[in-house]
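The sequence and the model are shown first.

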Amino acid sequence: MMFWSLYSFPLAEDGKGTAVAVGECGLDFNRNFSPQPVQRQVFKEQVELAVELALPLFCHERDAHADFLDVLDQVPGAGQLRVCVHCFTGEEKELREYVRRGYSPKL
């Protein structure tokens, strides 16, 4: 169930004063301030918007590595995006997966 639409926000046509990335977005299953299915749906919509606008993603992921990658894998064109994962709670294995995919993890 979508509670709001990303497309309800106006986008500048001339490119001046516009965003340079989509974010901060991602999944936070550590605190769960929103139900996990809602987080997944909103994150998917944000990834779709990034693909449509050809903008990088600025993301975080807390205790949601598999779901995070699953959402990115579901969206056509997401594999071509530049992705910065500025926060994650994983271990070396997850870090290596981000690097393998060409993402920029920040420690």
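The model is a predicted one.

Helix α2 spans residues 65-74, and its buried residues are His65, Phe68, Leu69, Val71 and Leu72. These residues lie on the same side of α2, because the arc they cover around the axis is only 155 degrees.

**The nonpolar core**

The largest nonpolar core consists of 23 residues, and within this core Phe43, Val47, Leu57 and Phe68 have the most contacts. At least two residues of this core come from each of β1, α1, β2, α2 and β3. The most is given by α2, which supplies 4 residues. Residues up to four places away in sequence aside, Phe68 touches Gly26, Leu27, Phe43, Cys59, His60, Glu61, Val85 and Tyr98.

**Asp28**

Strand β1 contains Asp28. This residue counts as buried, because its relative accessibility is 13%, and a residue is buried under 20%. Its side chain reaches the backbone nitrogen of Asn30 at 3.0 Å. With neighbours within four places in sequence left aside, Asp28 is in contact with Gln39, His60 and Arg62. His60 is also among the residues that Phe68 touches.

**Cys25 and Cys59**

How many disulfides does a search of the whole structure find? The search finds 0. Cys25 is in no disulfide, and the nearest cysteine sulfur to its own belongs to Cys59. The sulfur of Cys59 lies 3.9 Å from that of Cys25, which is too far for a bond; the cut-off for a disulfide is a pair of cysteine sulfur atoms within 2.5 Å. Both cysteines count as buried.

The table gathers the relative accessibility of the residues for which a value is stated.

| Residue | Relative accessibility | Class |
|---|---|---|
| Asp28 | 13% | buried |
| Cys25 | 2% | buried |
| Cys59 | 0% | buried |

Notes. Residues numbered from 1 in each chain as written. Predicted model: local features only at pLDDT ≥ 70, side-chain atom pairs only at ≥ 80, totals over all residues. Heavy atoms only, no water. Buried < 20%, exposed > 50% of the residue type's maximum accessible area, 1.4 Å probe, protein only. Arc of directions from axis to C-beta. Core = buried A, V, L, I, M, F, W, Y, C linked by side-chain atoms within 4.5 Å. Contact = heavy atoms within 4.5 Å. Polar contact = N/O pair within 3.5 Å; in protein donor to acceptor, adjacent residues only side chain to side chain.
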